[in-house]
Amino acid sequence: VKRNPGEEEFHQAVREVTESLMPFILQHPRYKQAQLLERLTEPDRIIIFRVTWEDDEGNFRANRAWRVQFNNSIGPYKGGLRFHPSVTQSVLKFLGFEQIFKNSLTGLPMGGAKGGSNFNPKGKSDREVMRFCHSMMIELHRHIGEHTDIPAGDIGVGSREISYLFGQYKRLSNTFVGTLTGKGLSFGGSLVRTEATGYGCVYFCENMLNRLGDSIKGKSVCISGSGNVAIYAAEMVGKLGGKVLTLSDSGGFVHDPDGIDEEKLSFVKELKEKQRGRISEYAEKYRKATFHADRRPWDVACDVALPCATQNEIDQRDAETLLKNGCIAVAEGANMPSTLEAMKAFREANILFGPAKAANAGGVAVSGLEQSQNSLRLQWTHDEVNTKLKSIMKEIHEKCVHYGMKGDHVDYVDGANLAGFVKIAESMLAYGAV
Ligand code: NDP
């Protein structure tokens, strides 16, 4: 706390990981001796820069941008870029720190990083977003590269933004290489990348349920968010026979007691991905649904909860309400959506709780597969990528079970932290004092 004053989100992420790792590290003196935790919690470097751009009225505007290159022990830095007014160094450090363990869990050679800006794409024209992205890349391109650091999307950074960023990178570097992932299909993107985080989260949840002889089929599911992760989590829940009751955005949530099926989800995709509209419009179209302004969906009774919007969107009260209403499984599509108190409540209740670094690793895993395809100069089919994604999520689940078994119960939080840590720790030990 003294070393990083005021960085609350970062403290929260480090506390969660440290609590899991400490007993393990104490049992293994060579990890302790090498000061691994101290080294892991200090980013390799943080690049901070100004992005100046011109709005449609001809005014100059300035934002702050960062790239937090956290740890490249097991591969080049990799992690998304976030554009949101709430972005601070603390938020990007928490995300970058989590990314180290998540990327390790995928089994692919990727280090941890994160970046972004406090730029708010909401309400901006396409041209303004383009000018911002092009300007940002003028600085960022010096620090990234296919063997150095490979950014991707996150909140506020979807295919439009990645395309503008990649176009400018290509021009500045005079190369055509896979330095960004989440690219369009016509210029090096991977099939299933758009769907990967949401699908992967549901596959992880299905794995947790299957282990207990259960499945998503027939379950009622509350989802928060209506962005990239939420939409494709909802799609996969439907495919596996579950019923999605809610979606949300920063304006509130919609509750559809009949379920948000494939056809209704197409409407949401059009609304959110193309028109950049508000989720409240769902309840204007589907009259049985209700819109609840400025509220989160966790009061709606469900079997499964998939938080897929943002950090700290489930607090202790929300967790207690979910438990009281009979929720049996939570899989985190978003990063750190549960507060420490909420996590504690879920773990003490012994329900299935899939933490973000395991449950949402499908996105970065397919980004890794996008890099492999770029290097091979090949494009795999939808089925090939989806099959690989499914098996990666299964393997992540198995690693969590291996490291998280406590009697007849699996603590997925400890499992994910330990499984992610060991590979990085062994690499850092082998390198010596670097
Ligand atoms: P999007 O920008 O596509 O969607 C974000 C959704 O969350 C929107 O519905 C947005 O509503 C809502 N939201 C964002 N901030 C807030 C807030 N402060 N309060 C309430 N609602 C909010 O982002 P993604 O779907 O890509 O990302 C969602 C989460 O998943 C993030 O935590 C991200 O880090 C994580 N994640 C994403 C991955 C990916 O592949 N995209 C990979 C792994 C994790 P509104 O439109 O009103 O802002």
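## Ligand between two domains

The shell around the ligand draws residues from both domain 1 (8-177) and domain 2 (195-354), so the ligand lies between them. The model described here is predicted.

The ligand has 23 residues around it, and those that come nearest are Gly227, Asp249, Ser250, Ala334 and Gly363. Sorted by class, this shell holds 15 polar, 6 nonpolar and 2 charged residues. Helix H8, which spans residues 228-239, gives the most to the shell, with 3 residues.

The domain assignment of the protein gives two domains, domain 1 (8-177) and domain 2 (195-354). Their C-alpha centres lie 26 Å apart. The contact between them takes 10 residues from domain 1 and 7 residues from domain 2.

On the side of domain 1 that touches domain 2, the elements giving two or more residues are helix H1 (8-27) and helix H4 (89-105). Helix H1 gives the most to this side, with 5 residues. By class, the residues on this side of domain 1 are 4 nonpolar, 2 polar and 4 charged.

## Strands S3 and S5

Strand S3 (residues 77-83) and strand S5 run parallel and are joined by 4 bridges. One of the bridge pairs can be named: Gly79 has Pro151 of S5 as its partner.

Strand S5 covers residues 149-152 and has both of its faces covered. Asp149 and Pro151 are buried on one side, while Ile150 and Ala152 are buried on the other.

## Lys114 in strand S4

Lys114 belongs to strand S4, which runs over residues 111-117.

Which residues is Lys114 in contact with, leaving aside its neighbours within four places in sequence? They are Val68, Gly79, Gly80, Leu92, Leu95, Gly96 and Gln99.

A C-alpha to C-alpha distance of 26 Å lies between Lys114 and Ala305, and the two are 191 residues apart in sequence.

Note on methods:
Residues are numbered from 1 along each chain as its sequence is written. This is a predicted model: local features need pLDDT of at least 70, side-chain atom pairs count only at pLDDT 80 or more; totals for chains, interfaces and linings use all residues. A residue is near a molecule or strand if its C-beta atom, placed from the backbone, lies within 6 Å of it. Ala, Val, Leu, Ile, Met, Phe, Trp, Tyr, Cys and Pro count as nonpolar, Asp, Glu, Lys and Arg as charged, and the others, Gly among them, as polar. Domain bounds come from an automatic or database domain assignment. A residue is buried if 20 or more other C-beta atoms lie within 10 Å of its own, exposed if 12 or fewer, and partly exposed in between; C-beta atoms are placed from the backbone. Two strands pair if DSSP finds at least two bridges between them. Two residues are in contact if their C-beta atoms, placed from the backbone, lie within 7 Å.
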